[in-house]
Amino acid sequence: MYRTHTNGELRICDKDKNVTLCGWVQKVRNLGGMTFVDLRDRYGITQLVFDIDKNKELTQQAQALGREYVIQIDGKVAERSNKNSKMPTGDIEIIVDKIVVLNISELPPFTIEDDTDGGDELRLKYRYLDLRRNNIKKNFELRHQMALEIRNYLSSQKFVEIETPFLMKSTPEGARDFVVPSRMNQGQFYALPQSPQIFKQLLMVAGFDKYFQIVRCFRDEDLRADRQPEFTQIDCEMAFVEQEDVLNTFEGMAKHLFKTIKNIEFDAPFPRIPFSEAMELYGTDKPDLRFDMKIVKLKEKISNKGFKVFDDAQYIGGICVEKCAYYSRKELDNLTDFVKKPQIGAQGLIYIKYNEDGTLKSSIDKFYNENELKEIAQLFGANVGDLMLLAAGEKNNTLNALNELRLEMANRLGLRDKNKYAPLWVVDFPLLEWDNETDRFYAKHHPFTSPKNEDIPLLETTPEVVKANAYDLVINGVEIGGGSIRIHNQELQKKIFNILGFSDEDAQKQFGFLMNAFKYGAPPHGGVAFGFDRWVALFAGTDSIRDVIAFPKNNTGRDIMNDAPSIINKTQLNELNICLAK
């Protein structure tokens, strides 16, 4: 055996034991007569001790060790005279009798420590070294534990884990597919699944009334902190259910994860907020409820006062920030610059300060007198010391800007505590959304989402107002997952396809195998898919899912560690009957 114990295992009760340890050299501290080596493995760090007076040759061997050398040692466990309460093994050390160098290491390109000096791109290039860092390692232990608890919970609810294909038919709705050429069927292509949506519905037709899998999915889209071209879903489907059944089941799973992973209990049901209310009060369909600061709608109450910005605006809204009337002009100008960024898109920002002396100071003093400003303050429910921030313009753009401003103020005021969790369900989404560029409706979720029964007659007259049996789980302003009750009726599915602009021929070509399956007794069914990477990142307290994916891509979709994507040789292209355009 290479080792008798790991480097995180030994305690004071193991004193005087003869042990063999293996691992990587974290650091060597040469103090003249005494030399100390920190030996690291996945489980922790153990301090090794070498006394030059007792064994000069062995001490010199220790002093010659470099960072990240892989070594094996024999020695005896001793009590440390200078204990380290910050380390689980901090009460003991190993008096070493023998060192075997199993492998040497070049000097790493960055320090293998929690607070490393390596930048993002460098650490991605040497990801196998980055994964040795303790804080990154903990993310994967957390990911493993969460996967176990998800499987435990769903198995206890009689779900069956079933794998679905990675090579499937391209259905180009939504994000772009990654496509895979077929050598045996030249000129034809597979697609990698954006989700197992169609297959899980087929499993419901097959009679597996409770299905799940923790599955890899693929989308060819622009990347950001919470997106990768390949990601992992907790994919679930249930038959003979209504929306309430799905929400109760997976709220139960969320509560199970909070309890088993974070030791947090939620006794009350998660709040449920309609999509329209979320947009009006928070400017987003994924609101962060860890703090209040709701958006107040103001257009009808404060326009027509001769202030052109307000009078010409489609929408006026604002937020009240408690105890921030002390903000200086420079700080307010900084906030104005923030909301005018292109990605936020506001035209400007109006402020009203409710000063400590009870007076009101505003950037619209020319148009609104003291009494009118007090009336506006009453609309906000503002108190002395509060700061009101207003924006005006096109409704959707202004709501988006107020959402971003709300989050920015919460960040500045420390209101987004990563150790506090505020889960909720957003429900009653629109079934469809109109796109002016293509002059057609698109499915808000996907084409198989069922409209609410009471709204089905409106599909013929006003499809834009039809609500869906759809729902999202949101935690701390992050969309953790979403789903819907599916359409299981052929005629209703055909009607939705027609509204989405699919001819009968197009629908049959893309989704014929699902529609054919529905001819043979499809049960009522619905499901949900959660972003597993996002959920792990949330519990890990990191803002990027790259920190919880073992080998992620960079912002341009490249794996800079193994240099993918890469050019393939002409022989492979010829086998696939592919000619590259010049």
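Guide: Let us begin with Ile485, which, leaving out residues up to four places away in sequence, touches Val241, Glu242, Gln243, Val246, Phe448, Thr449, Ser450, Asn469, Tyr471, His525 and Gly526. Please keep in mind throughout that this is a predicted model.

Visitor: In which strand does Ile485 have its place, and does Ile485 count as buried or exposed?

Guide: Ile485 belongs to strand S21, which covers residues 478-485. Its relative accessibility is 10%, and because buried means under 20%, Ile485 counts as buried. One of the residues it touches is Ser450; although Ile485 and Ser450 are 35 residues apart along the chain, their C-alpha atoms are separated by 5.6 Å.

Visitor: Stepping back to the protein, what percentage of the contacts between residues at least 6 apart in sequence join residues at least 24 apart?

Guide: The share is 65% of those contacts. The protein has 582 residues, of which 49% are buried, and it contains 16 helices and 22 strands. Taken along the principal axes, the box filled by its C-alpha atoms is roughly 90 × 75 × 55 Å.

Visitor: How many residues does the largest nonpolar core have, and which of them have the most contacts inside it?

Guide: The largest nonpolar core has 41 residues, and Phe250, Trp535 and Phe539 are those with the most contacts inside it. Helix H6, residues 243-262, gives the most to this core, contributing eight residues. If we follow Trp535 and set aside its neighbours within four places in sequence, we find it in contact with Met146, Ile234, Met253, Ala254, Leu257, Leu473, Ile475, Ile480 and Phe530. There is also a second, separate core of 33 residues, which includes Phe275, Phe497, Leu514 and Phe518.

Visitor: How should I describe two helices that pack together?

Guide: Two packed helices are described by the angle between their axes and the distance between those axes. Here, helix H4 (residues 134-156) and helix H15 (residues 532-540) have axes that come within 10 Å and cross at roughly 120°, which makes H4 oblique to H15. Their crossing is right-handed.

Visitor: At what angle do helix H5 and helix H14 pack, and how far apart are their axes?

Guide: Helix H5 (residues 197-205) and helix H14 (residues 504-517) pack at an angle of about 15°, with axes 10 Å apart, and that angle makes H5 roughly parallel to H14. H5 passes H14 in a left-handed crossing. On the H5 side the meeting residues are Ile198, Gln201, Leu202 and Val205, and on the H14 side they are Phe511, Phe513, Leu514 and Ala517.

Visitor: Turning to strands, why is strand S10 described as largely enclosed by the rest of the structure?

Guide: Strand S10 spans residues 230-239, and nine of its 10 residues are buried, so the strand is largely enclosed by the rest of the structure. Nine bridges join S10 to strand S9 (residues 210-218), and these two run antiparallel; S10 also pairs in the antiparallel sense with strand S22 (residues 525-531), over seven bridges. Gln233 in S10 stands opposite Val215, and the bridge partner of Gln233 in S22 is Gly531.

Visitor: Which strands make up the closed barrel, and in what order do they run?

Guide: The closed barrel has five strands, running S1-S2-S3-S5-S4, with mixed pairing. Its neighbouring strands are turned against each other by 55° on average, direction ignored. Six bridges join S1 (residues 18-30) to S2 (residues 34-41), which run antiparallel, and Trp24 has Arg40 in S2 as its bridge partner. Helix H1 (residues 56-63) lies across S1, S2, S3 and S5, running at about 65° to S5.

Visitor: And in the open sheet, which strands stand at the edges?

Guide: The open sheet has five strands in the order S12-S13-S16-S14-S15, with antiparallel pairing. Strand S12 (296-297) and strand S15 (360-362) stand at the edges, each with a single partner strand, so one side of each is left without a neighbour in the sheet. S15 is joined by three bridges to S14 (residues 350-354), the two running antiparallel, and Lys353 stands opposite Lys361 in S15.

Conventions. Residues numbered from 1 in each chain as written. Predicted model: local features only at pLDDT ≥ 70, side-chain atom pairs only at ≥ 80, totals over all residues. Heavy atoms only, no water. Core = buried A, V, L, I, M, F, W, Y, C linked by side-chain atoms within 4.5 Å. Buried < 20%, exposed > 50% of the residue type's maximum accessible area, 1.4 Å probe, protein only. Helix = DSSP H or I, 4+ residues; strand = E, 2+ residues; numbered from the N terminus. Contact = heavy atoms within 4.5 Å. Pairing = 2+ DSSP bridges. Axes fitted to C-alpha atoms, helices over the stretch in contact; angles between N-to-C directions. Parallel < 35°, antiparallel > 145°, perpendicular 65-115°, else oblique. Left-handed = near helix turned anticlockwise from the far one by under 90°.
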